[in-house]
Amino acid sequence: MIEVKTSSLSDGEFNRGVFATCDIAKGTMVHEAPVIAYPNDQHPHIEQTLLSDYAFEYGIKHSAILLGYGMLFNHSYEPNATYEISFEKHTFDFYAYTDIKAGEEILINYNGDENDKELLWFDQE
């Protein structure tokens, strides 16, 4: 259903993104990413590494690094996917927010809300 390929949206070292390999209907789960959670007081150590750009808020007292394809979804203020945090399963569950066509890059809003247009840290620089 999904694969990692080169993305024109990414300007990182590897320029990766997650793409649909088939049509995906709105509401379909596209990926379940396990997390490695850590207390927020440890985040200053993470900020000294490349992982800082990939950490997600995970509740009030924790941050998380996502495994699987979770860290590879690129950002859009007009996303075609969304995610929900499952604290019970310790996963971020990614769903199609709109119908997604085969070959399309799957994009999430890093603000955590599909309609949140607040500038992200990399758009403020």
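## Overall build

A compact globule of 125 residues would have a radius of gyration near 14 Å, and the protein chain, at 14 Å, agrees with that. Keep in mind as you look around that this is a predicted model. Along the principal axes, the C-alpha atoms fill a box of roughly 40 × 35 × 25 Å.

Two helices and nine strands make up the secondary structure of the protein chain. Among contacts with a separation of 6 or more, 65% join residues 24 or more positions apart.

## Surface and charge

As for the inside, 38% of the 125 residues count as buried.

On the charge side, there are 7 positive and 22 negative side chains. The centres of these two sets lie 6 Å apart.

## A look at Asn109

Asn109 sits in the loop between β9 (107-108) and α2 (121-124). Its relative accessibility is 3%, so Asn109 counts as buried, the cut-off being under 20%.

What does the side chain of Asn109 reach? It comes to 2.8 Å from the backbone nitrogen of Asn111. Leaving aside residues up to four places away in sequence, Asn109 also touches His75, Ser76, Tyr77, Pro79 and Tyr83, along with Glu114 and Asp116.

Methods
Residues numbered from 1 in each chain as written. Predicted model: local features only at pLDDT ≥ 70, side-chain atom pairs only at ≥ 80, totals over all residues. Heavy atoms only, no water. Helix = DSSP H or I, 4+ residues; strand = E, 2+ residues; numbered from the N terminus. Buried < 20%, exposed > 50% of the residue type's maximum accessible area, 1.4 Å probe, protein only. Polar contact = N/O pair within 3.5 Å; in protein donor to acceptor, adjacent residues only side chain to side chain. Contact = heavy atoms within 4.5 Å. Rg over C-alpha atoms; globule rule 2.2 N^0.38 Å. Lys, Arg positive; Asp, Glu negative; His and termini not counted. Charge placed at Lys NZ, Arg CZ, Asp CG, Glu CD.
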